Amino acid sequence: MSHTSGLTALEPLTGAEILERAAGLPAVQHYPSVDELHEAFAALAAQHPEQMSVTQLGHSRAGEPILLYSIADEGGDGAEALSGLLAGGVHPNEPIGSWTMLHLATQLLTDVRLRRCLASSWHFLPCADPDSMRLNEGWFHAPEDRELYFQNFYRPAGPEQVEWTFPFRYKAAHFDAMLPETHALQRAIDLTRPDFYLPLHNAESGGAYYYLSDTLCAAPGAHVEPLHALLSELPTAMGVPLHRGEPEAAHFEVLSPGIFAMGSLEEAYDWVEALGLDPFPEGSTGESSTGYASRHGTLSMVAEMPQWKHLLADDISPGGASYASALRDQAAALSASGELLLELLDRLAAESEPPLLRASRAFLPLLGQAAQSQRARAEDPACQREATVAELHGLQGVLHMLRLRFGGMFLRALRELGIAGSPGAASLAEELSPVYADWTSEAAEQEQDLEPIPIKDAAGLQYGAVLALAAHTLRTRLSPPLA
């Protein structure tokens with residue numbers, strides 16, 4: 001870990017300053033393509049050669065260089081500063097972090113006070129998976145269009161995701177099939193040994209929420225309450241609700257509203273096993289980048305900023321329906337949709353396995369697996385109660401998300417295979433198209449109150465979370481626990 005000598009004269013950013021800076025991002029109307037993102041960082045490095053250095057970490061599977069851009073602390077070499085690492089594109093359908101990184105890097109290079117207040121050497125990996133991000137660029141020019149988003153959505157199959165392909169071994173689980181891109185991110189973590197690390201994710205719809213690593217939650221003298229308070233205040237300041245509904249998985253510990261403990265992959269394994277389900281089915285993935293970074297004592301945060309907001313996301317008033325019944329209803333819809341999609345997939349005789357089809361084979365079974373999990377949860381005595389409005393909205397949103405994301409990705413795969421000369425795929429695409437259109441219409445009707453969040457606000461919210469974690473880390477180092 002980095003040293004702290006020479007830091008005691010510094011004063012970290014205050015919460016008020018962080019809120020002000022979060023609101024100050026310039027307006028933009030699109031997300032940068034991979035080429036535009038690389039060109040922007042290359043231009044910064046060319047304009048500030050004495051402040052920004054570049055390290056090649058490796059190459060993608062398609063041969064594209066994966067680069068790390070570093071800005072030294074105010075002292076010049078970063079030896080006495082904290083170390084912060086940001087990684088973008090770890091999920092290639094989540095591009096909010098592109099603007100977050102570009103704005104932060106620009107500010108650090110041009111705002112001496114900010115650089116000194118943060119007292120860190122900063123490291124940016126602009127895009128961890130450029131090959132996969134290119135498959136999402138079809139919606140980057142009009143990100144407010146949900147139909148266009150789902151029609152051009154792509155997320156790699158689990159074992160092809162940079163974020164989740166670090167080595168993992170626990171009970172019956174064993175994963176060691178690291179990707180070239182994962183090796184590059186691993187090298188970035190090991191080179192920088194970050195005091196704080198943020199893989200830049202974003203959510204799809206609803207409200208904002210956060211995950212904090214065990215190293216951050218349980219560190220002696222961590223004093224995380226002020227950090228929680230600031231993280232809770234940021235969404236409101238940016239006009240975004242705080243997520244108060246369903247967590248992404250029921251085993252996540254709630255630290256405060258909208259703030260969850262990351263926990264460990266071992267804990268997730270045990271939770272699924274306790275439900276009587278297979279905790280490591282075929283196609284399972286490995287450890288996360290934050291789990292890997294914990295070996296350096298790194299404080300990690302995932303700040304999930306939605307692209308569309310819904311004011312019901314933080315409504316914890318009674319919803320007028322049984323929580324257990326709502327879980328069963330969602331499970332029934334997920335199960336029926338999953339069976340339909342898998343039946344079509346079973347009828348496909350494909351001569352090749354392009355990325356969209358590999359991803360479809362990996363994700364379509366998840367609808368049925370999610371249905372099993374929700375049925376098991378519905379039997380939990382803790383779920384025999386009235387659901388909140390936010391929980392009901394969250395369950396509905398997850399149903400639409402899974403059907404439209406993975407059904408849309410499968411439909412896109414079928415259409416591309418049809419264009420490439422597969423008559424069977426073209427026929428299946430014609431069969432799926434009206435079903436998918438019905439799902440789209442149902443989602444549009446039930447989620448008509450969703451509003452696209454201006455990119456400057458979504459990225460500003462994430463930018464504020466980055467500054468909040470950096471300031472918290474610095475305060476913790478300046479005021480270590482008493483021996």
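H393 counts as buried, because its relative accessibility is 10% and the cut-off for burial is under 20%. The model in which this residue sits is predicted.

- H393 belongs to helix α14, which spans residues 389-419.
- Beyond the neighbours within four places in sequence, the contacts of H393 are H310, L312 and A313.

**Packing of α14 against α15**
- Helix α15 covers residues 423-446, and its axis comes within 9 Å of the axis of α14.
- The two axes cross at roughly 155°; because angles over 145 degrees count as roughly antiparallel, α14 and α15 are described as roughly antiparallel to each other.
- The crossing of α14 and α15 is left-handed.
- On the α14 side, the contact is made by Q396, H400, R403, L404, G407, G408, F410, L411, L414, R415, L417 and G418.
- On the α15 side, the contributing residues are A425, A426, L428, A429, L432, S433, Y436, W439, T440, E442, A443 and Q446.
- By class, the residues of the contact of α14 with α15 comprise 13 nonpolar, eight polar and three charged.

**Packing of α12 against α15**
- Helix α12, residues 323-346, packs with α15 at an angle of about 165°, and the axes lie 11 Å apart.
- Since that angle is over 145 degrees, α12 and α15 are likewise roughly antiparallel to each other.
- The crossing of α12 and α15 is left-handed.
- From α12, the residues S337, L340, L341 and L344 meet L428, E431, L432, V435 and W439 of α15.
- The contact of α12 with α15 contains seven nonpolar residues, one polar residue and one charged residue.
- L428, L432 and W439 of α15 take part in the contact with α12 and also in the contact with α14.

**Strand β7 and its partners**
- Strand β7 comprises residues 196-199 and is covered on both faces.
- F196 and L198 lie on one side of β7, Y197 and P199 on the other, and all four of these residues are buried.
- Strand β3, residues 82-87, pairs with β7 in the parallel sense over four bridges.
- Within this pairing, A87 has P199 of β7 as its bridge partner.
- β7 is also joined by two bridges to strand β12, residues 299-304, and these strands run parallel.
- Y197 stands opposite S300 of β12.

Note on methods: Residues numbered from 1 in each chain as written. Predicted model: local features only at pLDDT ≥ 70, side-chain atom pairs only at ≥ 80, totals over all residues. Heavy atoms only, no water. Buried < 20%, exposed > 50% of the residue type's maximum accessible area, 1.4 Å probe, protein only. Contact = heavy atoms within 4.5 Å. Axes fitted to C-alpha atoms, helices over the stretch in contact; angles between N-to-C directions. Parallel < 35°, antiparallel > 145°, perpendicular 65-115°, else oblique. Left-handed = near helix turned anticlockwise from the far one by under 90°. Nonpolar A, V, L, I, M, F, W, Y, C, P; charged D, E, K, R; others polar. Pairing = 2+ DSSP bridges.
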